[in-house]
Amino acid sequence: MAMVSTSVASGLRFSSLKSERSHSLSTTESFFRQIGTNLRVSSGRKACRGVVAMAGSGKFFVGGNWKCNGTKESISKLVSDLNSVKLEADVDVVVSPPFVYIDQVKNSLTDRIEISGQNSWIGKGGAFTGEISVEQLKDIGCTWVILGHSERRHVIGEDDSFIGKKAAYALSQDLKVMACIGEKLEERESGKTFDVCFQQMKAFADNISNWDNVVIAYEPVWAIGTGKVASPQQAQEVHVAVRDWLKKNVSAEVASKTRIIYGGSVNGGNCAELAKEEDIDGFLVGGASLKGPEFATIVNSVTSKKVAA
């Protein structure tokens, strides 16, 4: 049985990854057997009252990726909304405005919410037209950066190796990283979900020596901005698999400590059910993060982790 923290305020659940959690043959277990893996499956047993059920041993994490959206006026309204909402205390909250509005947001947003860049260059700045350096992001007040997002991979053309090196450089300069992975629809339909995600994870692992400042964001490409969302069970299956990959290829400690969040058409209506899954440690939110009250609902879905007896 996994060791479980009883402090709701801490937002933690410490999972013993060395133990195997057994139960009757489930859909999830059948899925894993079909693809010939020996992956950990979630226990259907309810935790005790007041426990925050998370497999990652860090706070619940919610990031808002504003992408290439907004004007000075609309962002001012969004910031005002975020400043006025009530957010649960045991959640790390980060927003990622377009680069040109970072300074505006930093100077007006509550300190309760951290600021992230949406991308960064692979090394120190210089003659790289259109890029932004890690040093510039830090100088303007960012503490995080999103790297490996599917739009950077599949629209801009960044490959796994390039993204892994960008992550390594950002971390070397003390900028924390949201490391994105995820499969396209045709890859899922052809049974390659794990192959794709593990390949992307390997590129990060080949370049990262310290995972303390890394959050992994699983974002199936087919669910990003489409209105389609992975079912809680589909998302949980991949999160379990990624955590076990970390255990086998990095270390059990990193697997236990690293938060794995879900992204892909997350909204105020589906976040609570997704949040109930043990290996979903939070969310990376796109369109819904542009609406202050709805984003607050997603942040506050951490309460769904507080499992009733």
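This is a predicted model: local features need pLDDT of at least 70, side-chain atom pairs count only at pLDDT 80 or more; totals for chains, interfaces and linings use all residues.
The side chain of N270 reaches the backbone nitrogen of N267 at 2.9 Å, which is a polar contact (a pair of N or O atoms within 3.5 Å; within protein, one must be able to donate a hydrogen and the other to accept it, and residues adjacent in sequence count only if both atoms are side-chain atoms). Residues are numbered from 1 along each chain as its sequence is written, and side-chain values use heavy atoms, with hydrogens and water left out.

So where is N270? Look in the loop between strand 8 (259–262) and helix 11 (271–275). Helices here are DSSP runs of H or I with at least four residues, strands are runs of E with at least two, and both are numbered from the N terminus. N270 has 16% relative accessibility and counts as buried, because buried means under 20% relative accessible area, exposed means over 50%, and partly exposed is in between (1.4 Å probe, protein chains only). If you skip residues up to four places away in sequence, N270 touches V229 and S265; contact means heavy atoms within 4.5 Å.

Now step back to the whole chain. You can count twelve helices and ten strands. Of the 309 residues in the chain, 52% are buried. Take the contacts in the chain with a separation of 6 or more: residues 24 or more positions apart account for 73% of them.

Next, follow the chain to the loop between helix 12 (292–299) and strand 10 (306–307), where you'll find T303. S301 lies in that loop between helix 12 and strand 10, too. Which of these residues is buried, and which is partly exposed? S301 is the buried one, with a relative accessible area of 3%, whereas T303 is partly exposed at 35%. Leaving aside neighbours within four places in sequence, S301 is in contact with F60, C271, A272, A275 and F283. A272 turns up again with T303: the C-alpha atoms of T303 and A272 are separated by 8.2 Å, although the two residues are 31 residues apart along the chain. The side chain of T303 also has a polar contact, reaching the backbone oxygen of N300 at 3.0 Å.

Time for some helix packing. The axes of helix 6 (residues 160–172) and helix 8 (residues 193–205) come within 7 Å and cross at roughly 40°. That makes helix 6 oblique to helix 8. Angles under 35 degrees count as roughly parallel, over 145 as roughly antiparallel, 65 to 115 as roughly perpendicular, and the rest as oblique. The axes themselves are lines fitted to C-alpha atoms, for helices over the stretch in contact, with angles running from 0 to 180 degrees between N-to-C directions. On the helix 6 side, D160, S161, I163, G164 and A167 make the contact, and on the helix 8 side it's Q199, Q200, A203 and F204. By class, this contact of helix 6 with helix 8 has four nonpolar, four polar and one charged residues. In this sorting, Ala, Val, Leu, Ile, Met, Phe, Trp, Tyr, Cys and Pro are nonpolar, Asp, Glu, Lys and Arg are charged, and the others, Gly among them, are polar.

Helix 8 has another partner. Its axis and that of helix 9 (residues 232–249) come within 11 Å and cross at roughly 40°, and therefore helix 8 and helix 9 are oblique to each other. T193, F194, C197, F198, M201, K202 and A205 in helix 8 meet E237, V238, A241, V242, W245 and L246 in helix 9. The residues in this contact of helix 8 with helix 9 divide into ten nonpolar, one polar and two charged.

Q173 is partly exposed, at 28% relative accessibility. D174 has a positive phi of about 65° although it is not a glycine. Over in the loop between strand 2 (60–65) and helix 2 (72–84) sits K67, with a phi near 50°, a positive value in a residue other than glycine.
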